[in-house]
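I opened the model today to look up a few features. My notes follow in the order I took them.

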Amino acid sequence: MISFILSIVVLILGYLVYGKFVERVFGVDKERETPAVRLRDDVDFVPLPTWRIFLIQFLNIAGLGPIFGAIAGAMFGPSAFLWIVLGSIFAGATHDYFSGMLSVRYDGLSISEIVGIYLGSGFKRFMRFFTVVLLIFVGTVFLVGPAKIIDGMTGNIWNVWGWVLVILVYYILSTLLPIDKLISKLYPIFGLAMLIMAIGLGFALFTGTYTIPEIVPENLVNMKSNPEENPLFPILFITIACGAISGFHATQSPLMARCIKNESLGRNVFYGAMITEGIVALIWAAAAMVVFDNVQGLNNVMAGHGNNAAWAANEISIRMLGEIGSVLAILGIVAAPITSGDTAFRSARIILSDSFKFDQKKLINRLYLSVPLFIVAFVLTQIDFAIIWRYFAWSNQTLATVVLWTITVYLIKESKNHWITLVPALFMTMVCSTYILIADEGFQLDHNLAYILGALITVSCYILFRVYLSKLSRGMELHQEVKKL
């Protein structure tokens with residue numbers, strides 16, 4: 001319990017201390033008009049109250065990540081606590097803050113366009129495709145997943161496809177309607193429900209007779225029942241994404257960058273929402289480790305239920321919170337993924353509109369971009385859910401890595417402290433490259449060979465990065481000389 005309490009304290013201190021440091025490195029300008037004010041169109045650019053933006057951002061980035069990912073990560077043991085805490089403070093929240101604030105500075109541009117500004121047009125074209133595909137994956141996963149959960153909770157009154165259609169109709173409406181008509185009304189309610197659920201679980205942990213494993217050397221080992229097949233590095237760092245760092249967040253931050261009324265609010269919204277998500281993930285990870293007796297018990301019940309995190313989340317809610325837990329489970333476990341799925345499609349629409357410079361004030365223009373997205377997503381629902389999820393997990397962390405490299409270039413160009421993102425960028429490059437070399441959906445290489453190749457890829461990326469910066473520097477010097485002439 002001591003480690004758990006300290007972890008929460010450290011996350012809060014991370015927001016208060018390191019978050020303030022990150023804010024100073026960026027350098028907010030309180031007098032600068034934000035896109036919400038300067039470009040207001042009452043569709044995507046709409047000034048909203050800060051508390052509402054925070055809850056929308058929190059729910060946008062959270063979804064099932066800090067629940068399902070935390071439960072799956074808890075199967076590795078207390079090492080999950082360390083990754084959630086350190087990842088949230090030094091990687092995830094920093095990533096979210098800069099991706100959100102750079103969007104604020106660049107008129108609410110989507111992340112693919114910002115990547116293009118700092119990494120070049122080739123990267124921009126790749127990222128446009130990559131992020132749209134990722135967002136369609138998210139939308140598809142959060143279309144089928146909640147439908148299956150609702151179908152199970154309602155005793156199969158309808159079949160899964162009936163619920164898929166219901167959710168799809170909602171996705172269409174939330175993607176097309178102005179952000180203040182549907183999303184800003186529903187999200188705060190569901191966001192509060194998710195927070196109340198986490199607070200309830202946290203209170204139950206403190207008042208119950210649970211023994212949360214401590215972060216001590218003998219516990220910092222791979223506690224998975226099949227550790228040879230699932231090495232702690234890099235699998236844990238892909239499994240827990242939204243509770244530590246997630247590229248999906250970079251696609252969501254521009255939505256709120258178009259609604260924030262002052263740059264000084266960025267730390268509350270972007271950095272704060274990620275730290276809050278880290279606390280939620282920490283609570284769910286701890287609950288998963290104790291409700292089924294211990295980490296080994298968690299591994300056993302998960303194996304017995306096909307590693308179904310939805311079943312585990314529902315079981316944890318009911319066991320720890322009783323009847324109230326079953327109600328909150330419906331709101332948290334069902335509403336959370338739906339409210340990430342709808343903004344995934346909305347973000348995809350915005351990325352396409354930024355790419356093609358296609359004005360979105362008219363409904364017909366929004367339809368032109370949205371309908372193909374929904375058609376592709378519906379086709380993907382015919383593919384095995386597990387396959388889509390596995391590729392999404394790696395793609396998600398790869399996107400986060402690219403965004404970290406992008407922010408690092410920005411910081412160097414602005415002569416600011418770039419180490420705060422360079423170190424996480426190098427670490428996540430090692431994670432993602434090693435994972436795809438080891439994983440079943442990747443090259444399935446021998447682990448030792450994968451670690452060596454992953455290290456070589458990471459070093460190569462750093463060398464290429466320095467070469468790119470050198471060319472960039474020479475280009476800037478040449479530009480200055482031309483200006484003098």
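I started with helix α11 (residues 247–257) and α12, whose crossing is right-handed. I take right-handed to mean that the near helix is turned clockwise from the far one by less than a right angle, and left-handed anticlockwise. The axes of α11 and α12 come within 11 Å and cross at roughly 135°. That makes α11 oblique to α12. The classes I used are under 35 degrees for roughly parallel, over 145 for roughly antiparallel, 65 to 115 for roughly perpendicular, and oblique for the rest. Axes are lines fitted to C-alpha atoms, for helices over the stretch in contact, and angles run from 0 to 180 degrees between N-to-C directions. Helices are DSSP runs (H or I, at least four residues), numbered from the N terminus.

A note on the source: this is a predicted model, where local features need pLDDT of at least 70, side-chain atom pairs count only at pLDDT 80 or more, and totals for chains, interfaces and linings use all residues. Residues are numbered from 1 along each chain as its sequence is written, and side-chain values use heavy atoms, with hydrogens and water left out.

Next I checked α5 (residues 79–105) against α12 (residues 266–291). They pack at about 155°, with axes 8 Å apart. That makes α5 roughly antiparallel to α12. This crossing is right-handed. I find 18 nonpolar, 6 polar and 2 charged residues in the contact of α5 with α12. Here Ala, Val, Leu, Ile, Met, Phe, Trp, Tyr, Cys and Pro count as nonpolar, Asp, Glu, Lys and Arg as charged, and the others, Gly among them, as polar.

Then I turned to charge pairs. Side chains of opposite charge can pair when their charged atoms come close. I count 11 salt bridges, each a side-chain nitrogen of Lys or Arg within 4 Å of a carboxyl oxygen of Asp or Glu. Asp44 forms one with Arg346, the closest N and O atoms being 2.9 Å apart. This pair links distant parts of the chain, 302 residues apart. Asp44 sits in the loop between α2 (35–38) and α3 (50–62), and Arg346 in helix α14 (residues 309–356).

Last, I looked at the backbone. Most residues other than glycine have a negative phi, and most peptide bonds are trans. Asp42 is not a glycine, yet has a positive phi of about 60°. I place Asp42 in the loop between α2 and α3. A cis peptide bond joins Phe233 and Pro234, with omega about 15°. Pro234 lies in helix α10 (residues 232–239).

Methods
Helices (H or I, at least four residues) and strands (E, at least two) are DSSP runs, numbered from the N terminus.
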